[in-house]
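Hi,

Here is the structure I promised to send over. Have a look at it first, and then read on for what turned up when I went through it.

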Amino acid sequence: MSLLGEMGQKAFDLSVPISVHLDVTYRCNERCVHCYLDHDDHGEMTTAEIKDVLDQLADAGVFFLIFSGGEVFLRRDFFELLEHARRLLFNVKIKTNAVMIREAAQRIRALGVDTIQVSVYSHRPEVHDTITKLPGSFKRTLAAIRFLRDQGLKVTIANVLMTSNLGDQYHLQKLAAELGVHYTLDPTITPMMDGDTSVLSLRIPGEELKEVFRNPALVPNMEEFCAPPKPPSEDDLESYSCSAAHSFCYISPYGDVFPCVQFPLPSGNLRRQKFLDIWNHSPQLKEVRSIKAKDLTVCSSCTHVSSCTRCPGLAYLEGSMRGPSSADCEKSFYRTGVPTANMLRNGPATAPVRGLVQIRPASAES
Amino acid sequence: MAETYIARSSAIAARMLADEMMVMNSLDSTFFSLNEVATAIWQAADGRTPLREIVENQVCEQFDVDPQQAQADAEQFVAELSQHGILLVADHPWPEPQPQEKP
């Protein structure tokens, strides 16, 4: 295990929130067809409130800070927040569409930001602009990526795979290589925050997922990745799902704290409570933190339990944080060809919903 | 003998995790975990205090170490971190105090 991995495990074991994702706004200058957010401002935290939250996060031991949104640069005070975060010595990653970044690239670099993740959906301008619903966005985003790269910043192109851009992922990966930036591919489409599931129609078919899993350009350890699951050991059954509520959490622009971006279980609000009070004493976070693989209602008896990337947040969205996430069942199935306990229980008539996966291609690992 | 002055780079991120200091350079993603003694030196790297004084006041007084060995270890530690751009080294103090946020 790498030193960084060891520190992550130590934070997990000690329940230290080593990493936090903070959305500073839900407002956005793009209207991406697959976005799960409501882009109105319902009362974002003020500059002073966010600075206070950052102070609290530093005191709580947060090291990795992700600034995201919405579009972070729509906040006029974003650089003030960024400067404050860097004074507090966070390792900062920014997620942006980069449309508004020009000369700001120099300032970002000077502040010692670690990584800029930029959303790009295709190598074809017309496809990207149709997804973002912002004419000219591809051209502006690509220009910004070049600015950022030329400043010596680490840039990652993040692509969301959906029906609208299926087939473009390899061309975009090639474009990223030509630009000299990293590339990630994520076929995750989640329901809207208000529960609207209409966007799920954008998910790619499972058979296409299978193709993605078996592409060595995207999955470097493909044979191991797609191997049939090994029987779970006792240690596997004593393990936890992921870092949500253990060493990671999510904070909304309104100060709401959740176990994860993808786990909409309200666990406290920073306008009424201190961060550490929520982190240490929230009944919701404590409950999430308590769940081991052996406690899962269906998955504890599943042959995939030791290797499945079951997301407790998606399971929660399906009805129970201890239940299966059928999207991850689909992922395990198309990855290995072996049906999951949930699929066998439900029978062939109830095929799992289309998948949600997180993969990182070879080019991003270098 | 010329003094050595050390200051933290503005490109680094740092935080205490239990008894260890995590330090990461955003430029090349190098990651270090510092023990208690190294953390004491790193925290005192204000760009204005000579390394010799830091070792005397922050290391020898707080830890049970041989002064000569402590100075040698500190110089080696500073050389290693400066190679990765995490500490800046000079033979004169910086004109302005360096930022002193406690990680």
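This is a predicted model: local features need pLDDT of at least 70, side-chain atom pairs count only at pLDDT 80 or more; totals for chains, interfaces and linings use all residues.

The buried set in H6(A) consists of A:Ser137, A:Phe138, A:Thr141, A:Ala144, A:Ile145, A:Phe147 and A:Leu148. As a reminder, an α-helix has 3.6 residues a turn, so residues three or four places apart point the same way. H6(A) itself has 14 residues and reaches 20 Å from its first C-alpha to its last, close to the 20 Å expected at 1.5 Å a residue. A:Asp150 is also found in this helix, which covers residues 137-150. A:Asp150 counts as exposed because it has 12 C-beta neighbours inside 10 Å. In space, A:Asp150 and A:Gln106 are 9.3 Å apart, C-alpha to C-alpha, while in sequence they are 44 residues apart. Just after H6(A) comes A:Gly152, with a positive phi of about 90°.

Now the sheet in chain A. It is open, has eight strands in the order S6-S5-S4-S3-S2-S1-S7-S8, and its pairing is mixed. Strand S6 (182-186) and strand S8 (257-258) of chain A each have a single partner strand, so at these edges one side of each is left without a neighbour in the sheet. Strand S1 (residues 19-23) and strand S2 (residues 64-68) of chain A are paired in the parallel sense, over five bridges. There, A:Asp23 stands opposite A:Ser68 in S2(A).

Another helix pair in chain A is worth a look. Helix H8 (residues 206-213) and helix H14 (residues 326-336) of chain A pack at an angle of about 55°, their axes 9 Å apart. That makes H8(A) oblique to H14(A), and the crossing is right-handed. The residues that meet are A:Gly206, A:Leu209, A:Lys210 and A:Phe213 from H8(A), with A:Glu330, A:Tyr334 and A:Arg335 from H14(A).

On to chain B. An open sheet of three strands runs in the order S5-S1-S6 (chain B), with antiparallel pairing. Its edges are strand S5 (46-50) and strand S6 (87-90) of chain B, each with a single partner strand, so one side of each is left without a neighbour in the sheet. From one strand to the next the twist averages 25°. Strand S1 (residues 5-8) of chain B pairs with S6(B) over four bridges in the antiparallel sense, and B:Ile6 has B:Val89 as its bridge partner in S6(B). Helix H2 (residues 51-60) of chain B packs on the sheet, touches S1 and S5 of chain B, and makes about 80° with the direction of S5(B). Helix H3 (residues 67-83) of chain B packs on the sheet as well, touching S1 and S6 of chain B, and its direction makes about 115° with that of S6(B).

Most residues other than glycine have a negative phi, and most peptide bonds are trans.

- A cis peptide bond joins A:Gly69 and A:Gly70, with omega about 25°; A:Gly70 lies in the loop between S2 and helix H3 (78-87) of chain A.
- A:Lys133, in the loop between H5 and H6 of chain A, has a positive phi near 60°. A:Lys133 counts as exposed, with 12 C-beta neighbours inside 10 Å.
- B:Ala18 has a positive phi near 55° and sits in the loop between strand S2 (12-17) and strand S3 (20-25) of chain B. B:Ala18 counts as exposed, with 11 C-beta neighbours inside 10 Å.

Cheers

Key. Residues are numbered from 1 along each chain as its sequence is written. Chains are lettered from A and ligands numbered from 1 in the order in which they are written. Two strands pair if DSSP finds at least two bridges between them. Helices (H or I, at least four residues) and strands (E, at least two) are DSSP runs, numbered from the N terminus. A residue is buried if 20 or more other C-beta atoms lie within 10 Å of its own, exposed if 12 or fewer, and partly exposed in between; C-beta atoms are placed from the backbone. The expected span of a helix is 1.5 Å times one less than its number of residues. Axes are lines fitted to C-alpha atoms, for helices over the stretch in contact, and angles run from 0 to 180 degrees between N-to-C directions. Angles under 35 degrees count as roughly parallel, over 145 as roughly antiparallel, 65 to 115 as roughly perpendicular and the rest as oblique. A crossing is left-handed if the near helix is turned anticlockwise from the far one by less than a right angle, and right-handed if clockwise. Two residues are in contact if their C-beta atoms, placed from the backbone, lie within 7 Å.
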